[in-house]
Amino acid sequence: MLPELTVLNLYMLRNGAGPFTTAITALAKRVEAEGERGILSYRFFVAEDGTTARAVIDYATPAAWIGHHDIAMGWPEMRALHGVAELAEVTFLGKVTPEIMEWINGSGLTANVRGGFAPAAGFSRNR
């Protein structure tokens, strides 16, 4: 199954790679165990210099993006992530629905939000 929405996040790290890795590892474990079932993959990468990090998150549907944030934003693991990293940019690959924009506009999100990327071609292999 191809995701309907892929999100790329850029984080500016406040205290280097170590604290970010600790925080995101705890969050990823909780998301996998208790989070939105429409998350198909949840992957994070840290720059070699420890100043930035990226996330690549695949959602089955745009509604799963909203569901994930409704579930996880109040978790202490999410607060820990916010303590060690600032979300600088969110890029939506796929349809950004009015419901997503409504959620963002009501959230206080200060990151640069980019959208307008419609699927063009591709495939996914199962290993």
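## The hairpin of strands 2 and 3

In this predicted model, glycine 50 takes a positive phi near 75° in the hairpin of strand 2 and strand 3. Five residues lie between the two strands. Strands (E, at least two residues) and helices (H or I, at least four) are DSSP runs, numbered from the N terminus. Strand 2 and strand 3 pair in the antiparallel sense over seven bridges; pairing requires that DSSP finds at least two bridges between two strands. Phenylalanine 44 has alanine 55 of strand 3 as its bridge partner.

Residues are numbered from 1 along each chain as its sequence is written. Local features need pLDDT of at least 70, side-chain atom pairs count only at pLDDT 80 or more, totals for chains, interfaces and linings use all residues, and side-chain values use heavy atoms, with hydrogens and water left out.

Five strands form an open sheet with mixed pairing, in the order 2-3-1-4-5. Strand 2 and strand 5 (112-117) are at the edges with a single partner strand each, so one side of each has no neighbour in the sheet. Neighbouring strands are turned by 15° against each other on average, direction ignored. Axes here are lines fitted to C-alpha atoms, for helices over the stretch in contact, and angles run from 0 to 180 degrees between N-to-C directions.

Strand 1 and strand 4 run antiparallel, joined by nine bridges. Leucine 13 has alanine 85 of strand 4 as its bridge partner. Helix 3 packs on the sheet and touches strand 1 and strand 4. Its direction makes about 110° with that of strand 4. Contact means heavy atoms within 4.5 Å.

## Arginine 114

Arginine 114 lies in strand 5. Its relative accessibility is 41%, so arginine 114 counts as partly exposed. Buried means under 20% relative accessible area, exposed over 50%, and partly exposed in between (1.4 Å probe, protein chains only).

Leaving aside residues up to four places away in sequence, arginine 114 touches Glu89, Val90, Thr91 and Phe92. Arginine 114 and alanine 85 are 29 residues apart in sequence and 19 Å apart in space, C-alpha to C-alpha.

## Helix 2

Helix 2 is mostly covered, with eight of its eleven residues buried. Among them are Trp65, Ile66, His68 and His69.

The largest pocket has a volume of about 650 Å³. Of its 21 lining residues, the closest to its centre are Leu2, Pro3, Asp58, Phe123 and Ser124. Strand 2 (39-46) and strand 4 (85-94) each supply at least two lining residues. The lining divides into eleven nonpolar, six polar and four charged residues. Ala, Val, Leu, Ile, Met, Phe, Trp, Tyr, Cys and Pro count as nonpolar, Asp, Glu, Lys and Arg as charged, and the others, Gly among them, as polar. A pocket is an open set of points on a 1 Å grid over the protein atoms alone, where a 1.4 Å probe fits, with protein on both sides within 12 Å along at least five of seven lines; lining residues have an atom within 4 Å of a point. Points are joined across faces, edges and corners, and a volume is the space filled by probe spheres set on them.

The second largest pocket holds about 440 Å³ of space. Of the 26 residues that line the second largest pocket, His69, Met73, His82, Leu87 and Leu109 are the closest to its centre. Strand 4 gives the largest share of this lining, four residues. By class, the lining of the second largest pocket has 17 nonpolar, seven polar and two charged residues.
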